[in-house]
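Here is a short report on one protein chain. Keep the structure open while you read, and find each residue as it comes up.

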Amino acid sequence: MNASTAAPLPTGHRGVLTCPRPQVNPAIRLLCFAHSGGNPRMFQPWIDQLAPAIELWWVTLPGRGPRWREPHATQWEPLVADITEAVVAHVPRPVALFGHSLGALLAFDVALRLTEAELPPEHLFVSARAHPRRQFALELPETDTDLLRLVDQVYRGVPEAILNSLELAEHFAPTLRADLMLGADYRYRGARTLSVPITALGGVDDPMTPTEELAAWQDCTTATARWRQFPGGHFYLDESEAGVLRTIRRGLAAPMGKE
């Protein structure tokens with residue numbers, strides 16, 4: 001595959017990866033993974049601010065977006081294997097990974113598999129996630145409404161409109177439930193270590209990612225690991241986007257994009 005263009009996705013990988021706006025000879029591609037229940041289009045505003053040096057890609061999980069006809073994924077290993085296969089086949093190197101919350105775990109495991117394939121990423125950014133040895137499996141309520149209220153109590157991230165609408169709850173809850181089941185299926189394998197730089201990011205008001213957990217990501221790589229906190233809670237990206245993007249550009253040694 002040519003270093004500057006990605007091959008069309010065959011049926012087996014269609015919808016897994018999206019490059020919303022290809023750049024001309026970018027220095028690096030940044031592959032992004034959203035949080036539980038999240039839409040990868042959350043990264044859409046980043047495109048202009050990272051271009052042209054950084055070309056943005058994102059991963060869409062089954063059951064949403066262009067993959068809405070597919071059943072949601074609840075088993076970890078097959079999903080990560082499928083994503084990794086798509087990345088190897090279709091994303092030109094060099095590549096870096098960014099993941100938020102559940103997406104951070106997915107990015108971490110994909111980075112491990114890429115490394116095992118002798119195609120390690122240039123950098124791994126993990127956001128709003130403690131060290132992967134920490135398991136955050138919630139006891140999931142049976143009803144959609146109770147599930148949404150529990151998740152909002154823990155993470156403070158469910159929009160009020162969804163909490164107050166039975167119709168929206170019935171639409172959103174199955175995806176969220178499946179993603180939480182997916183996260184519960186994850187198992188940390190401590191013996192598998194990366195050799196690429198890691199930047200761990202979190203919100204100062206997020207009880208799930210205290211400083212010691214962000215700093216603990218150093219255990220996951222033989223290279224340099226850094227951590228930084230921003231104003232906000234678990235979904236600090238909403239209010240600290242500019243600072244996060246500056247951190248990404250500096251981590252990738254990329255020139256400043258549009259502010």
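Tyr155 has a relative accessible area of 13%, so it counts as buried. The cut-off for buried is under 20%. This is a predicted model. Tyr155 lies in helix H4.

What does Tyr155 touch, beyond its neighbours within four places in sequence? Its contacts are Phe136, Leu138, Met208, His234 and Phe235. Take Phe235. Along the chain, Tyr155 and Phe235 are 80 residues apart. Their C-alpha atoms are separated by 7.9 Å.

Helix H4 covers residues 144-155, and helix H6 covers residues 166-184. Their axes come within 9 Å. They cross at roughly 65 degrees. That angle makes H4 roughly perpendicular to H6. The crossing of H4 and H6 is left-handed.

Which residues make the contact between H4 and H6? H4 supplies Asp144, Thr145, Leu147, Leu148 and Val151. H6 supplies Leu166, Ala169, Glu170, Phe172, Ala173, Leu176, Arg177 and Leu180.

## Aromatic pairs

The model has 6 aromatic pairs. One of them joins Phe43 and Trp46. The ring centres are 5.0 Å apart and the planes meet at 70 degrees, so this pair is edge-to-face. Phe43 and Trp46 are both buried.

Phe43 also pairs with Phe98. Here the distance is 6.0 Å centre to centre, with 80 degrees between the planes. This pair, too, is edge-to-face. It links distant parts of the chain, 55 residues apart. Phe43 sits in the loop between strand S2 (28-33) and helix H1 (46-50). Phe98 belongs to strand S4 (residues 95-100). Phe98 is at 0% relative accessibility, so it counts as buried. Phe43 is also at 0%, and it counts as buried. Together, ring pairs link Phe43, Trp46 and Phe98 into a cluster.

## A buried arginine

Is Arg29 buried or exposed? Its relative accessible area is 3%, so Arg29 is buried. Arg29 lies in strand S2. Its side chain meets that of Glu55 in a polar contact of 2.8 Å.

## Prolines in loops

Pro231 is found in the loop between strand S7 (225-230) and helix H8 (241-251). With a relative accessible area of 53%, Pro231 is exposed. Leaving aside neighbours within four places in sequence, Pro231 is in contact with Val204, Tyr236, Glu239 and Ser240. Trp58 is 173 residues from Pro231 in sequence. In space, the two are 25 Å apart, C-alpha to C-alpha.

Now look at two cis peptide bonds. One joins Ala51 and Pro52, with omega about 0 degrees. Pro52 is in the loop between H1 and strand S3 (54-59). Another joins Arg93 and Pro94, again with omega about 0 degrees. Pro94 lies in the loop between helix H2 (76-90) and S4.

## Positive phi angles

Which value does phi of Asn25 come near? Phi is near 50 degrees, a positive value in a residue other than glycine. Asn25 is in the loop between strand S1 (17-18) and S2. At 60% relative accessibility, Asn25 counts as exposed.

Ser101 is not a glycine, yet its phi is positive, at about 60 degrees. Ser101 is found in the loop between S4 and helix H3 (102-116). At 10% relative accessibility, Ser101 counts as buried.

Technical notes
Residues are numbered from 1 along each chain as its sequence is written. Side-chain values use heavy atoms; hydrogens and water are left out. Rings of Phe, Tyr and Trp (its six-membered ring) pair if their centres lie within 6.5 Å; planes under 30 degrees apart count as stacked, over 60 as edge-to-face and the rest as tilted. Buried means under 20% relative accessible area, exposed over 50%, partly exposed in between (1.4 Å probe, protein chains only). Helices (H or I, at least four residues) and strands (E, at least two) are DSSP runs, numbered from the N terminus. A polar contact is a pair of N or O atoms within 3.5 Å; within protein, one must be able to donate a hydrogen and the other to accept it, and residues adjacent in sequence count only if both atoms are side-chain atoms. Axes are lines fitted to C-alpha atoms, for helices over the stretch in contact, and angles run from 0 to 180 degrees between N-to-C directions. Angles under 35 degrees count as roughly parallel, over 145 as roughly antiparallel, 65 to 115 as roughly perpendicular and the rest as oblique. A crossing is left-handed if the near helix is turned anticlockwise from the far one by less than a right angle, and right-handed if clockwise. Contact means heavy atoms within 4.5 Å.
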